[in-house]
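Keep the sequence at hand.

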Amino acid sequence: MQIKKLPALFEPARPILQKIEQAGFEAYFVGGSVRDTILDDPIHDIDIATSAYPSEIKKIFRKTVDTGIQHGTVMILDHGTGYETTTFRTESGYQDYRRPDQVTFVRSLRDDLKRRDFTINALAMKEDGTVIDLFDGLGDLDRHLIRAVGNPEERFNEDALRMMRAVRFAAKLDFTIDSPTLEGIRNHGALLQKIAVERIEVEFTKLLQGLNPQRGLADLIETGLYQYCPGLTDYREALQAFSRQDQWQLITNDQLAWLSFINALGITSRDQVRQFMKSWKLSNELIDRVQKSLQLLLAIHTGQVTKQQLFAAGRGAVQDALTIADFNGWQHTDLLRTFDELPIKDSHELAINGGQLIKDGILKPGPMMGRVLKQLQQLVINGEVPNDRDQLLRATKKLIEKE
Ligand code: ATP
Ligand code: MG
């Protein structure tokens, strides 16, 4: 097979591959970019593999950076752009079920492709678009199959993350996992516990944003692999119900993925949300956003949303909550418009602040100040006092009298 018109991302890298070939070595595009090009899906980065050893690459190109030289990766700098090339290698050891104890540089493309996870990820492409397919990856792309390169049992034993990658690719591409590969996952699920949570999370977050998450989730449940994902052991039914959702096209980013997921699991309290998301090692920023949207989403579900709740969530979280309300088929009014009509959208927009109140000798720093400002904010949000300095000063004095 030869691809006639390569996506633009490959073009500037072609001379690099040509130069390596002119020096007497082999060089190919490999991995996801080749797979996605054949599927006519957009590509986001390219990987280059070569028979040249790192020292040889460094002789061919004047400007290089050792970005991962112990694994055979060298970055070639060309007109301000960096291209990472990785020497063909084999991996052995895998005593910890996740990382090879030893990598060996080799000259054979076949050996390099053999260590890759799935046949559709083991395709190579020359700079002229000729595809090299040693494991019938093209056939599997046609058949829409995720199939391990070689013996799946061995491959999952070497690196347990591959099981999570299998379900992720099933969702991403809407492909079926080949039976022996699926059987391998059934037999080795428990090994996932050896894998760093951060790496499991990356695959799971991608799964939820795939072309058909239903498939990946169904495989995750059916193989039992979900039991070895953080905090999911008791959630089989909720996961199943979640997988049957049919508005997946609405899930377009990480926040929406996690918000829809946590909502589907029925985790509601802020503390439980934090605890669950922490067990997945998610960032505080993401946790904060999901907590905010979830509180609002629950209010939408019960049909009572106050202006204070909208304000507390902030515009982004309001948007997320509305998207997930749609995802769940829940009725709601145009809350984004209500948010946009709030007199203030952020506490900094209040026409008066603590510093000024102190300067004017109206209040001293302390807990009372905090309480008063909070009440002023509420009055403004509810439209009871205009966001105007003089009016707010008057309101402040009244509040102090009541204190
Ligand atoms: P994506 O579109 O998500 O980037 P990808 O196939 O490029 O998909 P990467 O994680 O970027 O996935 O890996 C690049 C390539 O490296 C894969 O296509 C595969 O050939 C190989 N690879 C990655 N992870 C593994 C693994 N755990 N075991 C074996 N091969 C792997
Ligand atoms: Mg990639």
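Helices (H or I, at least four residues) and strands (E, at least two) are DSSP runs, numbered from the N terminus. This is a predicted model, in which local features need pLDDT of at least 70 and side-chain atom pairs count only at pLDDT 80 or more, while totals for chains, interfaces and linings use all residues. Residues are numbered from 1 along each chain as its sequence is written, chains are lettered from A and ligands numbered from 1 in the order in which they are written, and side-chain values use heavy atoms, with hydrogens and water left out.

Start at threonine 396. Helix 20 (residues 389-402) holds this residue. Threonine 396 has a relative accessible area of 0%, so it is buried (under 20% relative accessible area; exposed is over 50%, partly exposed in between; 1.4 Å probe, protein chains only). Its side chain comes to 2.6 Å from the backbone oxygen of leucine 392. Beyond neighbours within four places in sequence, threonine 396 is in contact (heavy atoms within 4.5 Å) with Ile352, Leu357, Ile362, Val372 and Leu376.

Now turn to the nonpolar interior. In soluble globular proteins, nonpolar side chains tend to be buried together. A nonpolar core here is a set of buried Ala, Val, Leu, Ile, Met, Phe, Trp, Tyr and Cys residues joined through side-chain atoms within 4.5 Å. The largest has 112 residues, of which Met164, Phe204, Trp258 and Phe261 touch the most other members. Helix 7 (residues 161-173) supplies the largest share of this core, 9 residues. Another core lies apart from it, with 12 residues, among them Tyr28, Val30, Val106 and Leu109. What does tryptophan 258 touch, not counting residues up to four places away in sequence? Its partners include Glu201, Phe204, Trp280 and Leu286.

Helix 10 (residues 213-222) has its own buried set: Pro213, Gly216, Leu217, Asp219, Leu220 and Ile221. Their cover includes helix 7, strand 11 (176-177), helix 8 (179-188), helix 9 (197-208) and helix 11 (236-243). Just after helix 10, glycine 224 takes a positive phi of about 85°.

Next, the ligand. Ligand 1 is surrounded by 16 residues (a heavy atom within 4 Å). The closest are Arg35, Asn121, Asp159, Arg162 and Arg168. A polar side-chain atom of histidine 44 is 3.2 Å from a ligand 1 oxygen atom. Backbone atoms take part too. A polar one of glycine 32 is 3.3 Å from an oxygen atom of ligand 1. A backbone N or O atom of aspartate 117 lies 3.1 Å from a nitrogen atom of ligand 1. On its own, ligand 1 has 590 Å² of accessible area (Shrake-Rupley method, 1.4 Å probe), and the protein covers 80% of this.

Finally, the charges. The structure holds 27 salt bridges (a side-chain nitrogen of Lys or Arg within 4 Å of a carboxyl oxygen of Asp or Glu). Glutamate 183 pairs with arginine 186, their closest N and O atoms being 2.5 Å apart. Both lie in helix 8, 3 residues apart, which means that about one helical turn separates them. Arginine 186 also forms a salt bridge with glutamate 222, at 3.0 Å between the closest N and O atoms. Arginine 186 lies in helix 8 and glutamate 222 in helix 10, so this pair ties together parts 36 residues apart in sequence. Glutamate 222 is partly exposed, at 39% relative accessibility. By contrast, glutamate 91 and arginine 89 are buried. Their side chains meet in a salt bridge (3.0 Å, N to O).

Notes:
A polar contact is a pair of N or O atoms within 3.5 Å; within protein, one must be able to donate a hydrogen and the other to accept it, and residues adjacent in sequence count only if both atoms are side-chain atoms.
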